[in-house]
Amino acid sequence: MAFQHNRCPVHLLFHCKLEPVVLLLFVLGGFEWISTGLYLSPGMKTNLTLPAAIVNKGWKIQIGCQTDYLSHQQLIRAPSVHLRVPITSEKMQVQNLWGGLIYLLAPSQTRVTGVEMVVQQAVLAPYYKSGVTTADDWSQRRAAPSPWAELEFDNIILTVPSKAVRDLEQVDELAQVWNNIMKTVAELAATPLKFPRKERIVIDVQISHGWMHAGYPIMGQTSAAYLITNTTKIARGMWGPIHELGHNQQRSCWEFPPHTTECTCNLWSVYVHEELLGIKRTEAHSNLTSERRKARMKKYVADGRKLSDWSVWTALETYLQLQEKFGWEAFKKVFAGYFEMSNFPHDNKGKMNLYAETFSRVVGMNLSGFFKSWAWPIEEITEEDLSHLPPWTDHPMAQYN
């Protein structure tokens with residue numbers, strides 16, 4: 001779904017047309033934000049004329065994209081700076097003390113065809129959409145007066161300070177880079193190359209935690225804007241944003257919190273860097289040098305191989321050892337296999353046994369001994385079910401047995 005705007009001066013009438021669309025989101029209860037390319041100044045009121053088809057149907061108007069609520073830190077901005085209003089009438093007036101980009105929020109399982117929204121008063125934002133915005137259009141649109149800009153690519157939308165894109169001339173090149181990144185993310189996840197809902201990265205002067213964090217949208221600190229919009233910098237490596245995109249690919253059926261929460265998301269960082277950017281894992285992150293990997297493995301063994309110590313980089317070592325033996329295709333087949341399953345166990349022990357069994361069957365080898373060497377709680381029934389497969393006896397942890 002997207003909007004098309006006439007090229008109106010600031011503070012005049014905007015007609016926003018909704019293209020024919022069906023939204024089928026995987027996220028239960030999830031909204032899709034529909035960009036208008038329009039901005040409402042702080043405290044500024046605007047009147048909206050909305051199509052009857054979306055009135056009292058769960059749709060909302062949102063002003064502002066910085067949706068993190070700040071509560072436990074020294075504040076740089078107000079705790080909450082966005083506004084959401086249910087669409088309950090064809091005529092509405094909205095305003096937000098803090099201003100912000102204007103969005104429609106569409107509920108999942110929604111069908112809309114050929115309707116328009118009229119925004120009476122607004123400010124144009126720098127806005128680019130792959131396959132729609134021409135080079136000539138962008139040369140003018142990137143100078144639009146809104147302080148926030150949006151770049152909409154095939155499977156992701158970047159919302160950044162406008163000053164980060166004022167001099168961005170080769171936006172088509174950036175679009176291609178991001179289209180390739182998102183395609184690569186989908187490949188490892190074994191999901192359709194076209195996302196059911198485009199990912200979003202939104203920049204803010206202050207976020208709830210970290211330099212970036214996952215979610216819809218992924219939130220990032222201001223400095224991240226100058227990384228994600230620069231093809232040269234991306235080509236040198238972009239671990240953080242891909243790490244967050246990896247978080248959004250994690251599924252509870254093969255996640256073992258808290259052990260793997262900050263671990264398996266890094267599979268996407270390694271994969272994108274190696275397979276797309278051509279950056280070896282040893283260079284993609286300082287924690288993946290051979291020396292550090294060996295040191296972590298030895299320490300884990302020396303400390304008694306306690307599952308409580310199996311997390312983040314130590315846990316990632318397990319998956320890297322699997323990848324280095326069986327390749328990325330094995331992971332793709334494992335992830336694909338989970339989409340065909342149902343009635344997953346809810347406890348870590350059950351899920352870890354299912355994962356060990358699934359991976360073993362995919363690669364045609366009994367991996368129960370390997371996982372047990374990492375202190376996974378492999379049950380006898382799992383070992384029995386895999387006993388007909390040849391065991392992986394020369395795995396990297398065998399030297400410590």
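Is Cys65 buried or exposed? I looked this up first in the model, which is a predicted one. Cys65 has a relative accessible area of 1%, and because buried means under 20%, the residue counts as buried.

**Cysteines**

I then searched for disulfides and found 0 in the structure. I took Cys253 as a case to examine. Cys253 is in no disulfide, and the nearest cysteine sulfur belongs to Cys263, 15 Å away.

**Domain record**

I consulted UniProt for annotation. An unreviewed entry there places the feature "domain: Peptidase M60" at residues 31-327. For that span I recorded 31% helix and 24% strand. The C-alpha atoms at the ends of the span are 36 Å apart.

I next turned to strand 13, residues 148-152. I found 5 of the 5 residues buried, so the strand is largely enclosed by the rest of the structure. I checked the direction of the side chains as well. Trp148, Glu150 and Glu152 point one way, while Ala149 and Leu151 point the other way. Both sets are buried, the two glutamates Glu150 and Glu152 included.

Which strands pair with strand 13? I noted strand 12, residues 127-129, which runs parallel to strand 13 and is joined to it by 3 bridges. Within this pairing, Tyr128 has Leu151 as its bridge partner. I followed the chain between these two strands: it passes from strand 12 through helix 1, residues 135-141, to strand 13. This β-α-β crossover is right-handed.

I then noted strand 14, residues 156-161, which runs antiparallel to strand 13, with 5 bridges between them. A hairpin of 3 connecting residues leads from strand 13 to strand 14. Leu151 stands opposite Leu158 of strand 14.

**Asn287**

Where does Asn287 lie? I located Asn287 in the loop between helix 7 (281-284) and helix 8 (290-302). Its relative accessible area is 18%, and the residue counts as buried because the cut-off is under 20%. I listed its contacts, leaving aside neighbours within four places in sequence: Arg292, Arg293, Arg296 and Trp313.

Conventions
Residues numbered from 1 in each chain as written. Predicted model: local features only at pLDDT ≥ 70, side-chain atom pairs only at ≥ 80, totals over all residues. Heavy atoms only, no water. Disulfide = S-S within 2.5 Å. Buried < 20%, exposed > 50% of the residue type's maximum accessible area, 1.4 Å probe, protein only. UniProt positions renumbered as here; feature names shortened; annotations may be inferred. Helix = DSSP H or I, 4+ residues; strand = E, 2+ residues; numbered from the N terminus. Pairing = 2+ DSSP bridges. Right-handed = clockwise from strand over helix to strand, strands pointing away. Contact = heavy atoms within 4.5 Å.
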